[in-house]
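Please look over the structure shown here before reading on.

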Amino acid sequence: MNEYFGIRYEFDKKEVIRSIDKVVNNNGKGFVCVADGVVLSNVNKDLKYHSEVNNSIFSVCDSGWVPLYIRLIYGSRYTQYCGSELFADIVGQRKYNMMFVGATDGLLHSLQQQLISYDSAIAQMKFLSLPFCNADEFNFSEIADQINSAKPHIIWIGLGAPKQERFMNRLLPMLDRGVLIGVGAVFKFYSGIDQLKRAPEWMVTLKIEWLYRLMSEPDKQFKRIIQIIFTTPFILFNEYKKRKLC
């Protein structure tokens, strides 16, 4: 695990899976942050959010640009491990009792139907929709009771950044056990609703996945991309200064 740009990243995919499995096997609890450009931007302008993100077990790198920035500043080579890949890797193991929290009833129903083809046991797992509200307006006690009753090992949270990181921080102390993982739009990717999918591999390779997301969800993504563009030079400059002082 290494800290870059104010985020504690775990880039080793095998270690990510091992660490999550260890928490589950020890009946522990914690959460994993899937850190994309929006998370990176907010971490570097909001001290409270910085603390919330780094209260996680670790963050995985959901940005294709962060490994490039690290290579340019430090010379170290890492690769992206996006939320959809982590989701597929864990669901594909077919060994955890899971719960899926967030989004609408319709989207969650479609997600469940799609995931049953990966693992028929998912038909018996709990899917919990949430109302559209701010992160501090949820009924956390009621949500925690439903999760604790279901006894999941993995709790997938699909609220999007920065809401889902704040949500997981508030919810975690109320849980008996389990690993929360915030995966943003991944529920949409796997549900088949609105034909929203992850960008083609060639766009991911060229690091223009952001362009695909912008074309798919222009109203939502435009503000996010502008925020990232304006904060990135400041973030890179501060990290470069930090390297020079080491």
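**Strand pairing around β8**

- In this predicted model, I154 stands opposite V179 in β8, and 4 bridges join strand β7 (residues 154-157) to β8, the two running parallel.
- Strand β3 (residues 29-35) also pairs with β8 in the parallel sense, over 5 bridges, and C33 stands opposite G182 of β8.
- Strands count as paired if DSSP finds at least two bridges between them, while helices (H or I, at least four residues) and strands (E, at least two) are DSSP runs numbered from the N terminus.
- β7, helix α8 (residues 163-171) and β8 make a right-handed β-α-β unit, meaning that, with the strands pointing away from the viewer, the path from the first strand over the helix to the second runs clockwise.

**Burial of β8**

- Strand β8 (residues 178-182) is mostly covered, with 5 of its 5 residues buried, where buried means under 20% relative accessible area, exposed over 50% and partly exposed in between (1.4 Å probe, protein chains only).
- In a regular strand the side chains alternate between the two faces of the sheet.
- G178, L180 and G182 on one side of β8, and V179 and I181 on the other, are all buried.

**Backbone details in loops**

- The peptide bond from A161 to P162 is cis, with omega near 0 degrees, and P162 is found in the loop between β7 and α8.
- N27, in the loop between α1 (13-25) and β3, has a positive phi of about 55 degrees although it is not a glycine.
- R94, in the loop between α5 (83-91) and β5 (98-101), is not a glycine either and has a positive phi of about 55 degrees.

**Basis of the values**

- Residues are numbered from 1 along each chain as its sequence is written, and side-chain values use heavy atoms, with hydrogens and water left out.
- Local features need pLDDT of at least 70 and side-chain atom pairs count only at pLDDT 80 or more, whereas totals for chains, interfaces and linings use all residues.
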